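Biologist: I am new to this structure and would like to go through it slowly, one question at a time. Could you show it to me first?

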Amino acid sequence: MPKRRATITAVGHYVPEKVLTNRDLEKMVDTTDEWIRTRTGIEERRILEQGATSDLGAKAVAALLKNRGMRADEVEIIIVATVTPDMFFPSTACLVQEKVQAKNAWGFDVSAACSGFLFALITGAQFIETGAYKRVVVVGADKMSSITDYTDRNNCILFGDAAGAVLLEPTDDPSAGILDHILRCDGSGEAALHMRGGGSLNPPTHETVDKRLHYLYQDGKAVFKVAVVGMADVSVEIVERNGLKGTDIDWLVPHQANLRIIDATAKRMGIDKSKVMININRYGNTTAATIPLCLSEWWQSGMLRKDQKIVLAAFGAGYTWGSVLVRWTAEHQA
Ligand code: COA
């Protein structure tokens, strides 16, 4: 049996400076700060005014390399999870590779929306576990403002721009690093959450623009119902099948789509709210970036510490969803 495990040895993140508050949105669509706070938990989000997803991703990777004290040319693979690639091709991973000057790396993108970081993390871990690679960078980056319809009050209040990155390296300690994962997808979810314009189904035309098909569409109520069950199901399952209880988990790191979904997941797992990473109030839903952004902020503040057991959990378009059990190994450097 294996195994050399993959473990997260460094984190980094980047958020753009421009803040879009609920009050700002009150001036753009028929909404209120009170409605947004109570229905979602969001108070403000960040907007990238110039540049693209690869700029967010490259800055997160640069922060990660600095935190690890590692040169860019030591990176072997860059995997970028995103639904807002700079363009269809080349991949955003290639553009990040060029921007950080990771001269010896190859890479590719993963498309799994809000679960993208977890899908990319587990993909990256396989390269380490086979023994073929030793330094894999996994990035979650999205410029959601580029596909958000700021005339649609149902959705424009939800999203923001950010990036987070982690470095995967091998460990021989069988009780450390990425211990277990559950990943799922169900394409029947396409009807409730999609962006239909621009691909091979609906190549761009004046009509696709007029029909607003190049913006994210979400039936929030339908997605809420399945997300609240799906994210909690896999989070409970991964804890139970590893012989643990909610009280054994030091941090739940949930995708930040809606505070009510996060609260319901923590409750089902029997985890106290003080052990849940929550920054949705400051950033909204940054899609692939939410989980690495939490990891990076909590590590930076010293609250995420070596040997802590954490559960990462996500739900998103596809539908896609999943959970990952990790024993954290990155030491905090004050
Ligand atoms: N401001 C004020 N009112 C709004 C509004 C806004 N920004 N957006 C919607 N409303 C209105 C609706 O029009 C509706 O009015 P009606 O009852 O007169 O039709 C009412 O508020 C309730 O809307 P509803 O959609 O039922 O709200 P909700 O409680 O389901 O919350 C979401 C909406 C989007 C916040 C919520 O459904 C959600 O978070 N969904 C899941 C998101 C998710 O997890 N996505 C997965 C990953 S991306």
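Modeller: Before we begin, helices (H or I, at least four residues) and strands (E, at least two) are DSSP runs, numbered from the N terminus. This is a predicted model, in which local features need pLDDT of at least 70 and side-chain atom pairs count only at pLDDT 80 or more, while totals for chains, interfaces and linings use all residues. Residues are numbered from 1 along each chain as its sequence is written, and side-chain values use heavy atoms, with hydrogens and water left out.

Biologist: Where does glutamine 101 lie, and is it buried or exposed, or partly exposed?

Modeller: Glutamine 101 has a positive phi of about 60°, although it is not a glycine. Its place is the loop between α4 and β5 (106-110). Buried means under 20% relative accessible area, exposed over 50% and partly exposed in between, with a 1.4 Å probe and protein chains only. At 38% relative accessibility, glutamine 101 therefore counts as partly exposed.

Biologist: In which loop is aspartate 307?

Modeller: Aspartate 307 is a residue other than glycine with a positive phi, near 80°. Its relative accessible area of 41% makes it partly exposed. The loop that holds aspartate 307 is the one between α11 (290-300) and β12.

Biologist: What is the reach of helix α3 from its first C-alpha to its last?

Modeller: Helix α3 covers residues 53-68, which is 16 residues. The expected span of a helix is 1.5 Å times one less than its number of residues. For α3 that expectation is 22 Å, and the model comes close to it, with a reach of 23 Å.

Biologist: Which side chain has a polar contact with that of histidine 13?

Modeller: Histidine 13 lies in strand β1 and is buried, with a relative accessible area of 18%. A polar contact is a pair of N or O atoms within 3.5 Å; within protein, one must be able to donate a hydrogen and the other to accept it, and residues adjacent in sequence count only if both atoms are side-chain atoms. At 2.7 Å, such a contact joins the side chain of histidine 13 to that of serine 296.

Biologist: How many disulfides are there?

Modeller: A disulfide is a pair of cysteine sulfur atoms within 2.5 Å. The sulfur of cysteine 156 is 16 Å from the closest cysteine sulfur, in cysteine 114, and is therefore too far for a bond. The sulfur of cysteine 294 also has its closest cysteine sulfur in cysteine 114, at 13 Å, which is too far for a bond. By this rule the count of disulfides is zero.

Biologist: Which element gives the most to the shell around the ligand?

Modeller: A polar side-chain atom of glutamine 218 lies 2.9 Å from a nitrogen atom of the ligand, and an N or O atom in the side chain of lysine 221 is 3.2 Å from an oxygen atom of the ligand. The elements that give two or more residues to the shell are α2 (33-40), α6 (153-156), α8 (220-240), α9 (259-269) and β12 (309-316). With four residues, the element that gives the most is α8.
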